[in-house]
Amino acid sequence: MSSLVKEDLEKKLFKPLAQNLCEFIEIEFSVQDRYYLCVSVTKTDEVKIIMVKHYRVGLDEKYEVTKKWSLNDLQMIDGKEADTDNPFFDLHFNKVYCLEAYSCASKYSFARTVNRLNHVYLKKDLHLVNFDSTYINDDSIWSSNNKDCLVLMRICFYAFNLVCLSLCPLPL
């Protein structure tokens with residue numbers, strides 16, 4: 001489903017703006033409408049963070065840009081709590097935007113993409129606070145091509161260890 005949404009976003013919104021969509025996540029912003037937080041790169045290699053409203057008119061899907069920022073203006077991403085499964089995060093521009101991702105995994109996916117694009121295009125000191133660096137940095141042993149599964153894989157690993165330990169008999 002998300003690949004269809006990404007394809008539709010690229011076709012209807014980002015290609016006409018001459019931008020390459022790198023990542024998008026669904027965010028909880030309004031009860032009535034769907035919103036996406038997108039990261040794109042322009043033809044002039046400028047990285048943009050765009051909030052998009054998704055709605056339907058009859059049978060047609062429509063997308064509307066509601067907010068647009070430059071990655072250069074982003075000062076910090078605050079993941080709120082690194083040690084809990086928490087989808088809330090703050091984007092610090094001149095103003096702080098409190099957002100809720102659809103899931104904790106999508107929050108980390110967004111932060112990884114922004115961090116990677118910052119290293120490729122800007123190389124500025126971007127602060128990622130209250131994130132587990134194991135899931136953010138590409139040099140960790142948990143890195144893979146399918147980074148959306150990193151958090152789930154780590155949780156399963158710990159759960160398996162706990163089950164194994166609980167099944168071991170204790171010496172009397």
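## Open sheet

In this predicted model, four strands make an open sheet, ordered 1-2-3-4, with antiparallel pairing. Strands are DSSP runs of E with at least two residues, and helices are runs of H or I with at least four residues, both numbered from the N terminus. Two strands pair if DSSP finds at least two bridges between them. Strand 1 (19-27) and strand 4 (60-70) are the edges; each has a single partner strand, so one side of each lacks a neighbour in the sheet. From one strand to the next, the twist averages 30° (axes are lines fitted to C-alpha atoms; angles run from 0 to 180 degrees between N-to-C directions).

Strand 1 runs antiparallel to strand 2 (residues 34-42), and eight bridges join them. Glu23 has its bridge partner in strand 2: Val39.

## Annotated span

The UniProt record, an unreviewed entry, puts "domain: Exocyst complex component Sec3 PIP2-binding N-terminal" at residues 30-121. UniProt annotations may be inferred rather than shown by experiment. The span is 20% helix and 48% strand, and its end C-alpha atoms lie 32 Å apart.

## Tyr121

Tyr121 sits in helix 2 (residues 104-122). Its relative accessibility is 32%, so Tyr121 counts as partly exposed (buried is under 20%, exposed over 50%, partly exposed in between; 1.4 Å probe, protein chains only).

## Basis

Residues are numbered from 1 along each chain as its sequence is written, and side-chain values use heavy atoms, without hydrogens and water. Local features need pLDDT of at least 70, side-chain atom pairs count only at pLDDT 80 or more, and totals for chains, interfaces and linings use all residues.
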